[in-house]
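Subject: Structure handover

Hello,

Here is the structure you are taking over. My notes follow below it.

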Amino acid sequence: MIHLELLRFASRPASTTGALFELQGTERRFRAFTLEDEHRPSKIPGKTRIPAGTYALTLRREGGFHVRYSARFGSMHRGMLWVRDVPGFEYILFHLGNTTRDTEGCILTGDTAQPLSDQILLSEAAYRRCYPPIAARLDAGEPGILQVIDFDTPPNPSEGA
């Protein structure tokens, strides 16, 4: 089984920064930094991070992201990494981007995290490194899960930034 773990470690009024690991037996291997939308007590579509929890991970082989990534990445692309069965959310994907303007409620990967400026960098490099081995195993029928764990403390909206 593919077991990814997303450890959220920094919350700001506009973003959440985390670290993505793959668990292999007793080892935890770092894969990439992540950027998501901020925590919100009530969901706003495309502007709210998913709740902590454990979710199925599969491939999505339809939709606009799939079409664009098929053209951009050619044979490397097997479908979008899709976080499934998130209550109140649909089509949560791992994809490229550097700021929360790029997230649309999804999870971005990057090689450099800059939590104080609400961004990650080298997103495509991280995606090209992380995506192929995970997608190949999902494509071969191996089940996958994403465990999201909050180590951050979301900012209190009444306190400002």
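Which residues does S11 touch, not counting residues up to four places away in sequence? They are T16, R49, D152, T153, P154 and P155. Contact here means heavy atoms within 4.5 Å.

First, the ground rules. This is a predicted model, where local features need pLDDT of at least 70 and side-chain atom pairs count only at pLDDT 80 or more, while totals for chains, interfaces and linings use all residues. Residues are numbered from 1 along each chain as its sequence is written, and side-chain values use heavy atoms, with hydrogens and water left out.

**Overall fold**

The protein chain has 2 helices and 10 strands. Both terms refer to DSSP runs, numbered from the N terminus: H or I with at least four residues for helices, E with at least two for strands. Along the sequence the order is β-β-β-β-α-β-β-β-β-β-α-β.

The radius of gyration is 15 Å, and this agrees with the value near 15 Å for a compact globule of 161 residues. That radius is taken over C-alpha atoms, and the globule rule is 2.2 Å times the number of residues to the power 0.38. The C-alpha trace spans about 50 × 35 × 30 Å along its principal axes.

Of the 161 residues, 45% are buried. Buried means under 20% relative accessible area, exposed means over 50%, and partly exposed is in between (1.4 Å probe, protein chains only). Accessible surface comes to about 7900 Å², with 53% of it belonging to carbon and sulfur atoms. The areas come from the Shrake-Rupley method with a 1.4 Å probe; for residues, only the protein chains shown count as cover.

Among contacts with a separation of 6 or more, 57% are between residues 24 or more positions apart.

On charge, there are 19 positive and 19 negative side chains, and the centres of the two sets lie 4 Å apart. Lys and Arg count as positive, Asp and Glu as negative; His and the chain ends are not counted. Each charge is placed at NZ of Lys, CZ of Arg, CG of Asp or CD of Glu.

S11 sits in strand β1 (residues 2-12). Its relative accessible area is 16%, so S11 is buried. Two side-chain polar contacts involve S11: one with R49 at 3.3 Å, the other with D152 at 2.2 Å. A polar contact is a pair of N or O atoms within 3.5 Å; within protein, one must be able to donate a hydrogen and the other to accept it, and residues adjacent in sequence count only if both atoms are side-chain atoms.

E22 is in strand β2 (residues 15-24). At a relative accessible area of 4%, E22 is buried. Its side chain makes a polar contact with the side chain of R137 at 2.5 Å. The side chain of Q24 also pairs with that of E22, at 3.3 Å. Leaving aside neighbours within four places in sequence, E22 contacts include I2, H3, L4, R31 and R137.

**Loop residues**

M76 is in the loop between α1 (64-73) and β5 (80-84). M76 is buried, at 18%. Beyond four places in sequence, M76 is in contact with Y127, R128, Y131 and P132. M76 and R28 are 48 residues apart in sequence, and their C-alpha atoms are 25 Å apart in space.

D102 lies in the loop between β6 and β7. D102 is partly exposed, with a relative accessible area of 31%. Its side chain reaches the backbone nitrogen of N98 at 2.7 Å. D102 also touches H95, L96, G97 and L108, not counting residues up to four places away in sequence. E36 is 66 residues from D102 along the chain, with 9.2 Å between the C-alpha atoms.

**Phi values to look at**

Most residues other than glycine have a negative phi. E104 has a positive phi, near 55 degrees. E104 is in the loop between β6 (92-95) and β7 (107-110), and counts as exposed at 54% relative accessibility.

D118 also has a positive phi, near 55 degrees. D118 is in the loop between β8 (112-114) and β9 (119-121). At 16% relative accessibility, D118 counts as buried.

Best wishes
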